[in-house]
Every structure is written in structure tokens, then in C-alpha cells.
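Student: I've got a model open and want a quick tour. Can you walk me through it?

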Amino acid sequence: MAAKGSTTLPLYQRYVNGVPVPQGRKTLRLREKYIILLVFMTFTIVCLCAFMFLPNMQDKVSYDIRKKIDEAGGDLFIPRQRNAPDGSPLEMHIDDDLHKSGRLSNSNSNDLLKNKIETWQKEKVMSEISKILKPEDVEAIKKGLVSDKQLFLEQKKEEERKRKAQLDEEAKKVKKDHEGHPGARGGEPTDPQIKAKRDKVKEMMSHAWHGYEKYGWGANEHRPISLKAHSGSIFGAGELGATIVDAIDTLYIMELDEEFKKARDWVALNLNFDMPADLSVFETNIRFVGGFLSAYALTGDQMFKQKAKIITDKLLPAFNTPTGIPYAIVNLKTGSSRNYGWASGGCSILSELGSLHLEFDYLSAVTNDNTYKDKVLKIRDFMKTIEKPEGFYPNYIHPATGKWCQVHVSMGALGDSFYEYLLKEWLISNKEDAQARQMYDDAMKTVYEKLLVKSKSGLTYFAEYKSGRLEHKMDHLACFTAGMVALGAEGSDNKEKYVSIGADLANTCHESYIRTATGLGPESFRFEGETEAKAIRQNEKYYILRPEVVEGWFYMWRLTKDNKYRDWAWEMVQALEKFCRAEGGFTGIKDVYQVPPQLDDVQQSFFLAETLKYLYLIFSEDSLLPLDKWVFNTEAHPLPVKGVNPASAQ
């Protein structure tokens with residue numbers, strides 16, 4: 001294309017890699033002539049030096065070898081048949097090419113000459129040996145040499161095996177910075193009925209875990225119906241054990257000690273990030289980095305801290321952008337980074353760039369390395385100062401230009417955990433991070449004013465905003481806001497108001513569950529015409545074991561102690577048991593309005609990390625992971641509150 005405002009097109013006479021190149025000049029500039037002269041002089045000097053100073057290779061040939069060559073004469077290349085001292089003919093093996101041509105080719109002459117000399121030397125040695133030893137003695141020596149070689153190789157293998165076993169035993173040794181901290185375990189309820197429900201959730205965790213252990217061990221996830229590993233996940237085909245890492249703190253909290261030890265040893269011995277895999281920076285952070293750091297905070301095991309640092313260092317190349325906003329995908333081997341092509345023309349996603357702070361900040365604290373903290377502070381500073389269209393944080397932003405890519409705002413997919421982390425950064429700082437709290441309040445003020453809607457029947461929900469209009473749809477993912485809004489009531493200008501909004505949102509999400517045939521909620525539900533809290537489109541009717549609804553109920557239970565939240569959670573347990581339980585674990589559903597449902601045959605790693613953990617906690621006493629000492633990242637991995645939880649300073 002011509003440049004903007006141009007009226008003529010340049011002439012092109014050739015293409016380079018498919019790109020037209022303008023026609024060149026017919027004469028050379030003076031500078032170009034000097035460059036050509038310099039290149040010619042350099043070439044001339046190199047040739048002269050090579051001629052004068054390179055060694056004469058003839059001197060490298062020993063006197064004895066040259067003497068043998070001289071004695072051999074023409075026989076070296078076309079040997080005559082010779083006789084042994086007793087007159088018998090002496091066999092000689094002549095290369096076919098030499099026999100046919102009578103000369104050596106330039107390409108293989110050196111190799112053939114070397115081989116002939118070595119062969120002659122071996123024959124000479126064997127001839128001398130045969131004068132002293134009998135043939136059977138020579139054969140015995142040969143067999144002895146072969147046996148010695150095999151023995152040597154076996155000894156080397158055994159030494160390597162012992163060395164590996166020693167390293168493995170060393171890796172299995174747990175070296176602790178601390179012995180665990182407040183509320184890491186326990187919380188057994190005194191009410192026997194509540195305890196029975198908690199025990200049932202623990203049994204579900206055991207069933208899900210052992211199904212993965214049996215049919216998908218080492219893979220990221222598995223298929224509980226077809227009983228095999230599942231590789232078609234966000235972590236590609238590489239076996240990174242995402243389910244192991246995601247579930248490990250849940251195993252510890254539920255006191256499944258044998259399962260925890262096996263998971264811990266697998267991480268220590270087998271988890272290797274040195275592979276050419278493209279990973280999501282966001283998912284790797286919340287699942288792997290968050291999982292490792294949570295396990296470290298709960299147990300004090302140094303190995304988890306080391307693994308967190310290793311994988312986080314692999315993510316750092318994605319942050320090499322003018323704004324500091326990271327790309328979405330990074331290659332573990334090369335460090336090459338990019339964004340998803342579908343994300344509004346290759347932009348970064350709000351929820352992904354905003355859901356790094358908790359993990360990176362804590363990693364800096366426990367490693368005494370501010371590299372990670374500086375990365376997320378740079379993102380926050382940029383997002384604080386950037387102009388917000390209509391007061392919103394849209395879902396897409398370009399990491400190079402810092403420009404918003406389109407005005408699409410959602411409290412569900414693409415936006416959700418950006419707001420969550422602003423609030424939780426304030427909470428995990430023991431409510432000292434005033435900047436994070438102010439950014440949360442400012443962002444949510446616009447959301448409350450423009451996205452919070454009440455339906456005709458009185459159901460409260462967050463709509464989505466797209467280019468100036470509202471779409472009356474709420475994602476299952478957005479149901480986490482029930483807990484977030486209620487948590488944010490502390491420190492707000494009206495505590496009762498926001499706890500009430502949280503309760504209304506929790507109720508709406510419950511309605512989305514009980515209006516289905518399975519008692520499990522759809523991926524998205526709409527408020528259109530007479531339809532309320534129900535999915536309309538087929539691609540919104542699935543349930544993939546998501547945790548956000550029960551997450552909201554968990555926080556509402558902790559903050560209000562209203563028993564309905566435990567009742568709703570138990571209804572969910574029964575629905576999961578009835579419709580999702582399979583031989584090898586738990587599976588998602590393709591249509592929650594159909595009974596019996598069609599199953600998707602995938603057990604997501606977050607089912608063990610989040611869904612079952614929140615169900616277990618809602619039937620536990622508040623002394624288990626108390627909210628004034630622990631903050632959950634967006635994958636439900638608990639991290640310690642600064643100043644009040646000793647794990648935060650280790």
C-alpha cells in the first residue's frame with residue numbers, strides 16, 4: 001500500500017520473503033565503495049597470514065609411518081599378493097573402490113589411509129601374539145576383554161543407579177523453615193451431623209485423588225470414565241502433574257497424610273520445568289506458584305519454596321514489555337512470549353495481568369528477592385495511572401502501547417480476579433496497603449453504579465458492559481463476587497450494605513442451581529424477558545465442576561453464620577455424588593437441564609484445589625484457616641497475612 005496521502009505507487013522489481021522491495025540505484029555511493037575496498041583488503045590479509053603461518057601438516061606424520069609408506073610403495077594402494085615366510089599366500093582385504101580404480105579419492109583418502117595403518121598395526125600385533133600363544137589362548141583373551149568391558153559398563157550403571165538413589169533419598173528428606181502455622185489443620189466440628197458431612201467431602205476428595213493416581217498419575221488431569229490421562233488442557237501435552245500441584249494443599253488440610261507424602265515426593269523427584277512447552281502465565285501462577293507457596297506456608301517445607309522460584313523465573317520473560325504488562329503465554333524452554341490471537345487482536349487480558357500480585361509479593365518475601373514484587377508493582381502503578389473509559393477497567397489492554405483494545409467489562413470471564421486481587425492485596429497486607437484498597441473501591445464504585453442490576457422478580461446480578469450497552473448475562477465465574485463483595489464490606493463506608501449485596505448475589509447463584517434438572521448450575525445464565533437465572537444457549541448449559549458458587553457460600557457462612565449456606569452446600573454435594581461421580585473420580589456435565597446428563601469425562605484440577613476445599617471448609621470450624629490469618633488466592637490456595645501469621649515472614 002502507498003503511504004497515507006500518497007497519489008503514486010513506487011516501482012518494484014523484486015521480492016524478499018514475499019515482500020516487495022523498491023527498485024535499487026544503479027550507482028554506488030562513496031561510502032559503499034570504501035566498505036567494498038575494506039572487505040577486499042581484509043580478505044587479502046587473511047589469505048597471506050594463512051599461507052605464511054599455518055603449520056605444515058607433513059611434520060605431523062611420524063618418521064616410522066612415513067618409512068612404512070615408502071617401503072609399501074605402490075603396494076599401499078594396489079597390494080600385490082604376498083607370501084608368508086612358509087610360502088603360503090597371505091590374504092589381504094582391499095577396499096572395493098581401490099581395487100576397481102587403483103587410486104584413492106580426495107574425499108576419503110585420509111580416512112582410508114588411517115584405517116589401513118591401524119589394520120596393519122593390529123595384524124602385526126596379532127601375528128606376534130600368535131607366535132607365543134595358541135589359538136585357543138588368543139580366543140580366551142578376546143572373551144576376557146569382552147567380559148571385562150561388560151563388567152565395566154555394568155559397574156558404571158550401578159554407580160549411576162546408586163548416585164540417583166542417593167539424590168532421590170536426599171530429595172525425599174523434608175527440610176523445614178517452620179513447623180506450620182495457625183489453623184493449617186484441624187477445625188473438626190462438634191456437631192456430629194456436620195462432622196458426617198465434612199467426612200463425606202473428605203471421602204469425595206479421596207475418591208477423586210485415587211482415581212487420578214490410578215489412571216492419570218503425572219499427567220495434568222485425567223478422564224474418570226474412560227480411565228486414562230487427559231492431555232488436552234491449558235498446559236498442553238507436557239506432563240506437569242497439574243492435579244498433583246493443585247491438590248497438594250487440600251490433601252494436607254484434610255489430613256490425608258499418605259496421599260500428601262506421595263504427592264510431595266513426586267514434586268521433589270519428578271517435576272521438571274525444562275521442557276519446550278507453551279504455558280499460560282496466569283494459570284501457571286495461580287495453580288503452580290500459588291500451590292507451591294501455599295504448601296510452603298502450611299508446612300514450612302523448603303522444597304516447595306524452591307519449586308515456586310524455579311517456575312516463576314521461567315515466567316519472567318513474559319514481562320519484558322514497555323508497560324510491564326505481561327504477555328499471556330510463555331515458552332518454558334526459550335522464553336518466547338505472545339498473546340492469544342483471539343484476545344481482541346492479541347491484547348493482554350485484565351484478569352490475567354491483575355492476578356499475579358499475591359503470589360509474586362509473597363515469593364519476594366520468602367526469598368528476599370524483590371524481583372517478583374517489582375514486576376507486579378509496576379503493573380499496578382501503570383493500571384492506577386491509565387485513563388479509565390467511563391471509570392471502567394475494560395477486559396483487554398495492549399502490553400506494548402498501554403491502550404485499551406475495546407470497552408468490554410465483565411465481573412466474570414476475562415475480568416473477575418483483577419478486582420478480587422485488589423481487595424485481597426489489602427487484606428493480606430493486614431489492611432495496610434492503602435493503594436490497593438483505594439483502587440478496589442474506585443473500580444467497584446463504577447461497577448456498582450453501572451453493572452449491578454435487579455431483575456423483575458428481585459434477583460440481584462452483575463450484567464456485562466459491551467460498547468455502551470448492557471448484556472444481561474452472569475457467568476458462573478462471576479458468582480465468586482458474593483464472597484468478594486461481603487469481604488470488602490469491612491473497611492468500606494457501609495458494611496451492612498455490602499454484606500447485603502453479597503447475600504443477594506449468593507442467592508441469585510443458588511437460584512441458577514435449583515432451576516436446573518441436576519441441581520448444578522450452568523456456565524452462564526441470563527435475564528431476558530421471562531427468563532431469569534437460566535441458560536438459554538446450548539454452549540452455556542455445561543457444568544465443569546466449577547467452585548465459584550460454593551466459594552461465595554463459604555464466605556457468606558463465615559461472615560454471617562446463616563445455616564442456609566451449609567444447607568445449599570450439602571445440596572451441591574448430593575448433586576455431585578448423583579450426577580458427576582464416576583469410577584475414576586468426578587466428571588463434568590454437558591447439559592445441566594438434562595437427566596440423565598451427558599458427561600464430558602474430564603476431572604478438572606481445580607475441582608480438587610477449590611470445589612472440594614470450599615465444601616470441606618464450610619463444614620469445618622472457623623479455626624481451620626481463619627480469615628484473619630489466611631487469604632485465599634483465586635485458585636483457593638491459602639497464603640499468610642503479614643504481621644499476624646508467622647509464615648508470612650519466613
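Student: Let's start with Asp-416. Why does Asp-416 count as buried?

Tutor: Asp-416 counts as buried because its relative accessibility is 12%. Buried means under 20% relative accessible area, exposed means over 50%, and partly exposed is in between, with a 1.4 Å probe and protein chains only. Before going on: this is a predicted model, where local features need pLDDT of at least 70, side-chain atom pairs count only at pLDDT 80 or more, and totals for chains, interfaces and linings use all residues. Residues are numbered from 1 along each chain as its sequence is written, and side-chain values use heavy atoms, with hydrogens and water left out.

Student: Which residues does the "active site" annotation cover?

Tutor: The UniProt annotation, from an unreviewed entry, covers Glu-283, Asp-416, Glu-523 and Glu-548. UniProt positions are given in the numbering used here, feature names are shortened, and annotations may be inferred rather than shown by experiment.

Student: Where does Asp-416 lie, and what is Asp-416 in contact with?

Tutor: Asp-416 lies in helix α14, residues 416-428. Helices (H or I, at least four residues) and strands (E, at least two) are DSSP runs, numbered from the N terminus. Leaving aside neighbours within four places in sequence, Asp-416 is in contact with Ser-351, Ser-410, Met-411, Leu-477 and Phe-480. Contact means heavy atoms within 4.5 Å.

Student: And Glu-548, buried or exposed?

Tutor: Buried, because its relative accessibility is 8%. Glu-548 lies in helix α18, residues 548-560.

Student: What does Glu-548 touch?

Tutor: His-476, Leu-477, Cys-479 and Phe-480, not counting residues up to four places away in sequence. Leu-477 and Phe-480 are also in the contact list of Asp-416. The side chains of Glu-548 and His-476 are joined by a polar contact of 3.1 Å. A polar contact is a pair of N or O atoms within 3.5 Å; within protein, one must be able to donate a hydrogen and the other to accept it, and residues adjacent in sequence count only if both atoms are side-chain atoms.

Student: Switching topic. Where is the "binding site" residue Thr-634 found?

Tutor: The "binding site" label comes from UniProt, again an unreviewed entry. Thr-634 is found in the loop between β23 (630-632) and β24 (638-640). Thr-634 is buried, with a relative accessible area of 16%.

Student: Which side chain makes a polar contact with the side chain of Thr-634?

Tutor: Glu-420, at 2.9 Å. Beyond four places in sequence, Thr-634 touches Ile-286, Ser-417, Glu-420, Tyr-421 and Glu-610.

Student: Now Arg-526. Where is Arg-526 found?

Tutor: In strand β19, residues 524-528. Arg-526 counts as buried because its relative accessibility is 2%.

Student: What does the side chain of Arg-526 make a polar contact with?

Tutor: The side chain of Glu-540, at 2.7 Å. His-472 is 54 residues from Arg-526 along the chain, yet their C-alpha atoms are separated by 5.9 Å. His-472 is also one of the residues in contact with Arg-526.

Student: Last thing, the whole protein. How many helices and strands?

Tutor: 20 helices and 24 strands. Of the 650 residues, 48% count as buried. Among contacts with a separation of 6 or more, 66% come from residues 24 or more positions apart.
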